[in-house]
Every structure is written in C-alpha cells, then in structure tokens.
Amino acid sequence: MPDLSIDGYVIVSADGMLANAARVMPDELKFEGDKQFFTAALDRADLIVHGRNSYEDQPNSPRRKRIIVTRSIAAIAPDPSNSKATLWNPAGASFEAACDFAGVPSGTVAIIGGPEIFAMFLDRYDTFWLSQAPRVRLPGGEPCFPGVPAQSPQQILEAHGLKAGDGQILDSGEDVSVTPWRREV
Ligand SMILES: NC(=O)c1ccc[n+]([C@@H]2O[C@H](COP(=O)([O-])OP(=O)(O)OC[C@H]3O[C@@H](n4cnc5c(N)ncnc54)[C@H](OP(=O)(O)O)[C@@H]3O)[C@@H](O)[C@H]2O)c1
C-alpha cells in the first residue's frame, strides 16, 4: 500500500459555500492571510489534486505536479496541455494508480476541490484544513461538500471521523481562521 498522506484545503463562507451562485469564487472570499497559508501548504505538497474547473492560480503553479479529475478520458492519461499534469477518471482507475502515473507513489497530497472531489476523499483525509470567513455569505452559492447547507461542513467532517484541532487566525480584521480537522486514530 503506498504511503500517501492526504490533506484537504478549502475556504468557505458562513453558509458553507466555496463559490457564488455563478460557480465562481468571488473576491470577497479571498484574503491575503488565507492565500499565504494555502500557498505555503501547496509548496510543501508533492502532488495537487483538483477537478477540471478548480485551479490554485499561484506563481508556483506551473512547477507543481497535479492530478486533474475529469470524465473526459476513460481512466488515466497525460494532460496534453501540461507535462506536469495527469488526467484521472475515478470510474476507470484507482487513486493509487493515478498517483503512480504522476510519479508520486508516496508523499503528501493536497486536495483542493471542488465539492465532488472533496467528497471523494472524505474517508481518507489525514487532515482537512477548513478555512472560514464568517462575515461572508453566499446565498444560493456552491456548497463546499454535497449535503451542505442541510448539514454544516463541520458536521460532515465529524461524520467522517475527523475531529477539530486548534484553529489559527488568518485575518483578524475579518475574523478569518483555519481549523485542522484530523482523523482520530
Ligand atoms: N473556496 C475554495 O476554497 C474553493 C476550492 C475549490 C474550488 N473553488 C471554486 O469552485 C468552483 C469550481 O467548481 P466545480 O463544481 O466546477 O468543481 P471542480 O471539481 O473543479 O470541477 C468539476 C469538474 O471536475 C470533474 N469531476 C468532478 N467530479 C468528478 C467525478 N466524480 N469523476 C470524474 N470527473 C469529475 C468534471 O470534469 P469534466 O467536465 O472534464 O468531466 C467536472 O466537470 C470554482 O469557481 C473554484 O474557484 C473554491
């Protein structure tokens, strides 16, 4: 069994949304402190995983190995537009096989969305880093996980065996914080 450590990262509004009703992450959900936290985490990761519409858009992005989840291929294929990217369809191949193909059979993996991709790993996260912007509301927006807002993101993480650790403030003016949700062993 490959030795993969799997972490998730998201910033959500008070109502648990990661994007607005137009499925776009609005500027009001972007904070310098969170950006720095996220950038540092991705710089430490060996592999980034995201759906076809999510992308971290940072100066170091071109240097990072990544898996892009898509139904446009049957199983696993190189991304013709990015030599560091692997296309993966979970219906056709295991995550481990995709990591092997990407050249990262072991190491630290950062899952960065969107909602379906976060949900795929809910039983596998070692730590899910939940950033929250309690002053921002995005009614009718895109929930961070399927099942939100009927359940809160925290309730969903807890239901999957994760437990909140000590949070840290990322933007004191806007009360933005990040909380690590770690798997109980
Ligand atoms: N606030 C945050 O921290 C945060 C985090 C992540 C994303 N976002 C925002 O959320 C929005 C993206 O939302 P999105 O819902 O479009 O998410 P997405 O997960 O990035 O992209 C969806 C695409 O991923 C592929 N996909 C999803 N589930 C799949 C599955 N089970 N099997 C195979 N492929 C699958 C499909 O690609 P194909 O169509 O190619 O088959 C699907 O169209 C963006 O605005 C982004 O900026 C915000």
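**Ligand shell, core and fold**

Student: Which elements each supply at least two residues of the shell around the ligand?

Tutor: Strands S1 (4-13), S2 (17-19) and S3 (47-51) and helix H3 (115-120) each do that. Helices (H or I, at least four residues) and strands (E, at least two) are DSSP runs, numbered from the N terminus. The model is predicted, with local features needing pLDDT of at least 70 and side-chain atom pairs counting only at pLDDT 80 or more, while totals for chains, interfaces and linings use all residues. Residues are numbered from 1 along each chain as its sequence is written.

Student: Which element gives the largest share of that shell?

Tutor: H3, with three residues.

Student: And which residues come nearest to the ligand?

Tutor: Gly 51, Asn 53, Ser 54, Gly 113 and Gly 114, out of 26 residues around the ligand. A residue is near a molecule if its C-beta atom, placed from the backbone, lies within 6 Å of it.

Student: How does the shell split by class?

Tutor: Twelve residues are nonpolar, nine polar and five charged. Nonpolar covers Ala, Val, Leu, Ile, Met, Phe, Trp, Tyr, Cys and Pro; charged covers Asp, Glu, Lys and Arg; the others, Gly among them, are polar.

Student: New topic. Which residues touch the most other members of the largest nonpolar core?

Tutor: Val 10, Leu 47, Val 49, Ile 67, Leu 130 and Cys 144, in a core of 47 residues. Such a core is a set of buried Ala, Val, Leu, Ile, Met, Phe, Trp, Tyr and Cys residues joined through C-beta atoms within 7 Å. Buried means 20 or more other C-beta atoms within 10 Å of the residue's own, exposed means 12 or fewer, and partly exposed is in between, with C-beta atoms placed from the backbone.

Student: What is Leu 130 in contact with, leaving aside neighbours within four places in sequence?

Tutor: Val 10, Val 12, Pro 153, Leu 157, Val 178, Thr 179 and Trp 181. Contact means C-beta atoms, placed from the backbone, within 7 Å.

Student: Is Arg 71 buried or exposed, and why?

Tutor: Arg 71 counts as exposed because it has 11 C-beta neighbours inside 10 Å. Arg 71 is found in the loop between S4 (66-69) and S5 (76-78).

Student: How do S11 and S12 pair?

Tutor: S11 (residues 168-171) and S12 (residues 176-183) pair in the antiparallel sense over three bridges; pairing needs at least two bridges found by DSSP. Ile 169 stands opposite Ser 177 in S12. The two strands form a hairpin with four residues between them, and Asp 175 in the turn has a positive phi of about 60 degrees.

Definitions and conventions:
Contact = placed C-beta atoms within 7 Å.
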